[in-house]
Each structure stands twice: as C-alpha cells, then as structure tokens.
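Try each task before you read its solution.

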Amino acid sequence: MSNECSLCERRKDESAQFCPFHLAAAKNLEDSYVKWRDAYGEDFTKELYYAKLEHLDETGQGVKDVLPLLRKSVTR
Amino acid sequence: MATTLIIAEKPDAALHIAEALCTSGEPRKRSQAGVPFFEVQRGEERILVCSAVGHLYTVASKNDERRSEYPVWDFLWKPKHFVERGRVRQEKCIQSITELSKISDRFVNGCDFDVEGSLIGYVILKYACNGADKVAKRMKFSTLTAKELREAYVRAMPALDFSLAYAGMCRHEVDWLYGINLSRALTQSALKASKRYSTLSTGRVQGPTLRFVVEREREIGTFVPHPYWLLQTTVDIDGKLFEVEHERERFDVMSQAERAVADCAGKDGVVEGVESRTYSVSPPTPFDLSALQADAYRHFGLTPRVTLGLAERLYLDQLISYPRTSSQKLPPSIGYEEVLRGLGIIEPYRSFTQMLLAGVLVPNEGRKEDPAHPAVYPTGTVPKRSLEPREQKVFDLIVRRFLSTFGKPATKQSDKAIIKVDKHAFFLRGSRVLEKGWTLYYGPYAKTDDVILPPLKRGQHVHVTNIRLQDKYTQPPPRYNPGSLLKEMEDAEIGTKATRADILETLYKRGYVKEQRMIATPLASTITEILSKFCPKVIDVKFTRELETKMQQIELGKMSRENVVVETVNYLKPIINELKAKESEIGKELTSIVGRRITESITLISPCPKCGSSLRIVRSPRTKKRFIGCAGKWKTNCVFALPLPQFGALTLLNKRCAECGFQLVQVRTRGRRPLVSCPRCYATRQNATKVEAVTMSPLDQK
C-alpha cells in the first residue's frame, strides 16, 4: 500500500486513507453536516450539503479535495 | 595630550557624536585604511570617533569543517570577512579601528544603547582593540541630539554594560547552534535522498513563527463554513431610507428567519424609544516599536522591516528617539515642553503644540517598560532635509501619536433607536463625537466616522419598505499579514523587538510564505510537519519563550551566558543525533517538495508564445550555455528559445516587463549591482541589430 495520500503528495499513515491534512478536512466535513441539517431542516440531504459546499469560496481547499470522493460514496 | 577613541555603531551616528563633543572648530574628517573617522578637540582632550558598519564579528564554527558536516558544537567569534565572502568594508573597518586603538589611551563604546549595540561595541573593543573592553566606558543615550550626546559622554558609565553584551552574545550563539545544525540536517537529508541541492532552513524563532502561519493555513484549508441568515431591512423615516438590524444579530435556523420575514412583511414599525450612551475614549499610549510597526502597516501598508528601517533613518537624522524600544513610557526628563516648542516650528503641528503648551502636560503612559530607552518620541528637531514620502509618513505618525498621548480623552455618544415591527425589535444605530480630545491631534489616524440619527419621537410610525433574507456563511480565520504575525510573536514572547521583522523577511526569502496576506507554501507545511514529527520542541512556542526568559535573566545579571549555552548544547545534542539517524526517512518526505521547488525556480510564469507550453531555464548539453527553452519541445517540436546572460546567479522575478509583459529575470554578479532584464526584449533588440547589420551591407553603403 502506498504511503502517499491519494489526494496530494503528502505522506499518510499506512492504515489511513488520507494524509493528516485531508483527514482533518474530511472529519470537519462529516462533523459539520449536523449543523447544516439543523439550519436547513431534517430533509436536508448529504448530497445537497456537498453540492452547496463545493461552490462556496469559504470552503477550505482540503475540504474541496475530499468532496468528490465523498459525493461518489453517497451516490453509490 | 590624552586621546579617546569612541566606537559608534554607524557612520551617521559617529558624525553626530563628533559634532556634539567638539568644543573648538569643526570635527575634522580623516581616514584610516580608507575608512573615514572624525577627530575633534574637546579642551585638552583629543577625541577620535570611528564607526562600525553593524556587526563586524560573528559566530562561526571553530574547526572550519565542510558546510555539509553536522552536528557542529564548537564555535568562536570571528571577523565577519573571514566567514562571509565580499565583506571588504568590514575588513577595512576592523583594520582602521585597530590602528586607531594603538594611538588611543581611553576607550568608549558609543553604539546604540541596547543588546545589539552593547555587543557590537564590546566585541570590537575586545578583539580589534586588544582587550580594551576591560577599561572602556559606555555612553548611554536615547536620541542623537547634541545635548543628550554631550550628557552621555560626560556622565559615561565607568565600565561596559557587560550583562547586556553577554545576553547579546548568548542570543547569537544559541541561534547559531540551532540554525546551523537544524538547517544542515534538513538540507543534507533532502540532498542525500533526492540528489538535488536546495537550501532548507529553520531556526530557534523562525520555526515557531512559521508554525503559526502553517497552522493558520491548515485551519483555512480544512474549514467548513456554516450557514446563517440576516434580515436585510430598510425603513422609511421622513422620506429617507435607513438600514436597520434585527434584535437577533443572526438566525442559525432558516425556518426561524423566514418566519420573522413573514411576521414583518408589509407592516409598519413604531419607534419605542432612543437609548443614548456617552462614553470617553482614553488617549493612546506612546509608541513602542511593535505598536509603531503595527500602525504603520495599518495606515500605510509598510512592512515591519521597512518601518524599522525608516524609523532608524529618522533616528540617525536626530528627528526621533531610538526606535528599538519596548517602552510605553515618556519620562519628564525628555523635556516635554522643549520637544513641543521644537515641533511648533513645523507648520502642520504649530496650532496643536500651542494648545498643549497652554495646559498641564501628562502623557497617557502604557504599562510596558524598557530599562534602556523611553517610548519612541520626536526630539523636536526640525528636519534639515526634505524627507522622502515614506519617511514623512512615519515621522508624521510618530509626531501625532506623541501629541495625542498628552491630549484629553475624547467623548463619544452612541445612539440606538428601537423600532418595533410586530413582535420583533429592530435597531437603528448612530454614533458621534461630542468632544474631539486627543483625536484632534491624531488626525487621519483616529477613526471618527459620525453616523447621525434622524430626529425620532417615541410612538412615531415608520414604514418598512423592504425586508428580505440574506444568505450568509461563517468565514475562515483570516490569514496573517506582517503586522498581525508580528503581534502574534510579541504576544507569544518569542524573538525580540529588533529581530522579529527580520524573521518575517526570512520566511519570504526562503520561499516558506508568499504574498502580503501570508500564504504558507507546501514547503513550509512539509518542513513544519517534519519538525513536529521528529523534534516537536524545536517549534514549541513555550520552549522558545523559556529560552527568551533565560536570556533576559542574563541581561539582568541573574544567569550566566555559559550556562545557557551549555544547556542549549545538551538539549540539542540528542535531537540532532536523532535527526541524523533518521536522515533517509526525513529525506524521503522532503524529496518531492524539493523537486517541485527546484522545478518552480526554473519555470517561467509566461507561457511559450508559439505553442503555449511552459518555458524553462535549461542548459545546452553541447555548448553548456544556459537559455530559456520551451518544455513542449518533445511533444510539439517547438524550438522557441531566448538567450540569457551566461554569468552570475539567475533569479526569475515575480515582475513583468512594462513593454512586452514577459517575466523579468535578475542576474547577480559579485561586486556589481543586480541586473534586471527582459529576455524577450533583449532577443528582439539583438535580432533588430542583426537585421540592420545585414541591411547595411558594404554594397549598400556605397
């Protein structure tokens, strides 16, 4: 298994999918969904959440890197 | 007749000292080994005033080992020209001072009174004047005005301020031990793994400072914004439109915000009342260096280093006091009235000084103290030359700040009208200055934007003309700028007032940060990650702060320099040994980033005008000449090329040619000014010359 993050050239732990930077971005992304659902209502889906974040200037680059992968997993 | 040798820190300071101490005629300008010095007669005493050009001696390795070798623990203080190439001026300066010391009986350190000035003078007296440090006196002054310099000479301290000098020595030695070992460890690890050389550096203060920027970059990069909503509401009051704000600053739930809009839409509001509050704003405290740098950045966009340079020029021109101070105190001994009378000669300040002189003069001092100097203040001397625009700005800021500290508090009033629409309260806010107080003197640097409310009566009806929801998102933390990073360093108590600005410049020079809003580069992230993984204490703010405290203890004579240096070596040894043992592991982590850095340093921003591929600096394997070539050669057969100068160190500048827009290059050759040129324009001119030569053939000339 490669020691390089699948999203950048940074090194990652063998057991991890991403480097620490992208792992932190992915964690923030997952943790924040609850806040967005509270804000928009129960029927606010993850798909919509990802789609909104993708187009915001405020969204961190690390989060934008992770988004396509997570969107794929939701679509499946 | 006794001869006294005074060592000044800079040539301008030497001239001011000579002029101040001369009692008969003018100081005579002479030279020794091609270096000017001043000779003055003061009664029966002959005084020679010579000057250094900053540090003439530096810490260097004792054993002159190769630059690739580490760890290095043994060091000496050596003349700078032994260690760094091209230091001819420093070499001549040492020769000159040594010769002058041979004809002198008394010695005085007349360098600026702080750690660096004490160290510069001490080392020169010790090494260039054959151990004169033991008998030398010390002048202590905060301005270069004749009065203060005469006082400082007559009341010179009987011996050198050794504790300050030792604290300075310790700082240089500890920084050298950190810098040389950690930087060599990083550079060698990368070199051995990638077989490509790239200078990588870190340092005792540089490491933790870079960590601030990298951590901020990480916060921004992993930031997920959260939504919230604002009610954008406009009301009509007597035919004029005003924006009002809802009592809830923001709505975190969209349905609640929508309900509020539904409640208020199409309804009129009623004024419930107007609340007014009067408050006073104290005058600012006098400038210490950090506050001056922060304000100069805020108002003029000057970087901390530029501000320090400009302030030093003003100090050397006798216009302000010594700027490298952390004091916020203005003791009465500086002579408030005299300074104000002096400033009164300068037109823009005349009326202000008259107003202040009519009252009691008590400055609003801050808490910070500096044992060596007061806060930065104008001396009251009128500029003898026309100041360049940036000098003028910094001078004006310092003068106005000084005047403001003597001003009365400003009185302001804030107003809040409460307008009820349905069950929702909306606020219309205003503010105004009732008494200008100190803000009058601070002028353009004091914010005084008045927002006057319209006349409103309780029970008055106002019409809501517009109410709608505004989608908003939380913002990531802002990037540091040189001013805010300097403040962060100061709050964390790392570095000194004199060194912080230089450290920020080093971060740019090393390619760790870019742009004014400081963006950490991938190289910076990698270096910080490596250091936090293999030697976290090196970038630990707490540890660096502890070392600073120890150096302050040396200044106070409570700790010895030797103990701190030995402690540092004992602390660093296992870290460096571990880094050396893990060279290949570290090297692997650095390989790709070093490769990318080298590629970036030879790749132009301007694309190939023929095929659009990237352009790079390449070297011909046949002729060994360097030139700009097209990277698309192998794909598109593009043969576009531009010539480059063959000698000197070449750098691609982040600037474009004003004529053709192509990226500029700079060539540095030893002993010459850097040459900036546009390769494309150069090539065009060369081709034009060739065409002309062909056209003007001998046959045509006939």
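**Exercise 1.** Which residue is the bridge partner of B:G629 in β20(B)?

*Solution.* This is a predicted model, in which local features need pLDDT of at least 70, side-chain atom pairs count only at pLDDT 80 or more, and totals for chains, interfaces and linings use all residues. Residues are numbered from 1 along each chain as its sequence is written, while chains are lettered from A and ligands numbered from 1 in the order in which they are written.

Start with the strands, which are DSSP runs of E with at least two residues, just as helices are runs of H or I with at least four, numbered from the N terminus. β19 (residues 626-630) of chain B pairs with β20(B) in the antiparallel sense over three bridges; pairing takes at least two DSSP bridges. The partner of B:G629 is B:A641.

**Exercise 2.** Describe how α4(B) meets α6(B).

*Solution.* First, the geometry: helix α4 (residues 115-128) and helix α6 (residues 162-194) of chain B pack at about 95°, their axes 8 Å apart. The two helices are therefore roughly perpendicular, a label for angles of 65 to 115 degrees. Next, the residues: B:L119 and B:Y122 are among those of α4(B) that meet α6(B), where the partners include B:L164 and B:M169. Contact requires C-beta atoms, placed from the backbone, within 7 Å.

Conventions: Axes are lines fitted to C-alpha atoms, for helices over the stretch in contact, and angles run from 0 to 180 degrees between N-to-C directions. Angles under 35 degrees count as roughly parallel, over 145 as roughly antiparallel, 65 to 115 as roughly perpendicular and the rest as oblique. Two residues are in contact if their C-beta atoms, placed from the backbone, lie within 7 Å.
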